[in-house]
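I opened my notebook and went through this structure piece by piece. Here is what I looked up, in the order I did it.

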Amino acid sequence: PYPAYAQLRTRTPLLYDPHSDTWMVFDYEGVKRVLMDHEAFSSLVAPPSAQTSQWLVFADPPRHAQLRALIMRAFTSRSVAGLEPRIRALAHALLDPHIERGEMDLAADFSVPLPLIVIAEMFGAPIEDQPRFKRWSDVIMALGYTLEGGEAAARVHREFAEVSAEMKAYLHALAGQRRAEPREDLLTRLVEAEVDGARLTEEELLGFFQLLLSAGHETTTNLLNNAVLCLLGHPDALAQLQASPALLPSVIEEVLRYRAPVQAMFRLTRREVSLHGQVIPAGKLVLPMIGAANRDPLKFRDAERFDIHREPNPHIAFGHGIHFCIGAPLSRLEARVALSVLLERLKDFRLASPTPWTPRKALHVHGPTHLPLHFT
Ligand code: HEM
């Protein structure tokens, strides 16, 4: 999408698409304004009757602040920092079966399972439940591919309703167990969290669980895959990183900027609002294009260049303002640990065939669907 972004950004940083009746924002300052200004740009994009209206990411103040405070009680930085040894062991275990053969689909065999297992374990789910998590996560992710409606979209919505009922019963039982016998896990902290006498309702708990399975999964998957793609496309950067592994955090930030796993978010204008000299009417869908903002030459020098030494790097891959991603420390940790294991174990890795990309319709995810590698 990047050449198109560049062209559109110069022509008009704010574009109205009459076909979808949406407004797209392509420049850094404009995107930041939309993300920041929750008075004018609402996150209530899910219909109030839909299960997704319970998701933190689709809430506005003051409800957003209450929900976020409750969730942050449970999702602490301490709970994330302790995960490093487990993530390392998991990364090794996922690579082990493929090392001898010298080839693997990095997406399917590594980048997809790793964040999902981390989330499931962090949550406190028994290991035998993990296949169910995968199915649930697939159905939730499919929701994002249904923007254009039609029969396929209707099917996904039916599946989502089924899966929501299943997840609700599952959570009800597991949360009951944790109330009776608290453990050191995210679920226990979520059921115990209390702010000003309020606790998460079962609907809110379900909403957060679903959000974790979508926001906490495919995003990190794409960060891992996109990092490998960036390095394959820039052999000099790969060589520097192999010589100085301490560059890894800065490489990860540049991947987040250069190939943002979440290319766009959704907002709805609460009232008439003017942006870049144009007037957007009330009740319109607005897409702040994060992937385009991250390559705005007015903000980033040599914006189209993948530069692992970029400093500062004020990319907005994790959003901006009150909805800033709560999973940022977790996904940075996962990326740092998983990529260092990968670099250590896969020598001389290269693409085995061209990589198919996720369909353009899924704005929220940006990365290859398969990543077949050969290595020694
Ligand atoms: C919010 C990106 C990983 C949980 C967001 C937002 C972005 C984002 C752009 C802002 C949404 C908005 O403004 O409407 C990413 C990227 C990730 C990642 C690029 C990985 C590379 C994670 C992980 C988790 C997570 C691992 C959880 C384990 C959330 C939640 C929100 C959020 C709960 C909603 C926060 C709120 O509405 O207050 N993320 N995310 N994300 N993210 Fe992430």
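I started with E9 and strand E10 (residues 372–374), which are joined by 2 bridges and run antiparallel. My rule for pairing was that DSSP finds at least two bridges between two strands. Strands (E, at least two residues) and helices (H or I, at least four) are DSSP runs, numbered from the N terminus. I noted that Leu351 sits opposite Leu373 in E10.

Before going on, I wrote down that this is a predicted model, where local features need pLDDT of at least 70, side-chain atom pairs count only at pLDDT 80 or more, and totals for chains, interfaces and linings use all residues. Residue numbers start from 1 along each chain as its sequence is written.

Next I asked myself: in what order do the 3 strands of the open sheet come? I found E4-E10-E9, with antiparallel pairing. Strand E4 (103–105) and strand E9 (350–351) are at the edges with a single partner strand each, so one side of each has no neighbour in the sheet.

**A hairpin and its parallel partner**

I then looked at strand E1 (residues 14–17) and strand E2 (residues 22–25), which run antiparallel and are joined by 4 bridges. Leu14 has Val25 in E2 as its bridge partner. The hairpin has 4 residues between the strands, and Asp21 takes a positive phi near 55 degrees there.

E2 also pairs with strand E8 (residues 285–288), this time in the parallel sense, over 4 bridges. On that side I found Val25 opposite Pro288 in E8.

**Two helices crossing**

I moved on to helix H8 (residues 130–143) and helix H9 (residues 150–180), whose axes come within 9 Å and cross at roughly 140 degrees. I took axes as lines fitted to C-alpha atoms over the stretch in contact, with angles from 0 to 180 degrees between N-to-C directions. Who makes the contact (C-beta atoms, placed from the backbone, within 7 Å)? I listed Trp136, Val139, Ile140, Ala142 and Leu143 of H8, and Val156, Glu159, Phe160, Val163 and Met167 of H9.

**Around the ligand**

Last, I checked the ligand. I counted a residue as near if its C-beta atom, placed from the backbone, lies within 6 Å. The ligand is surrounded by 26 residues, and the closest are Gly216, Thr219, Gly319, Cys325 and Gly327. Helix H11 (202–215), helix H12 (218–233) and helix H16 (328–345) each give at least two residues to this shell.

Definitions and conventions
Two residues are in contact if their C-beta atoms, placed from the backbone, lie within 7 Å.
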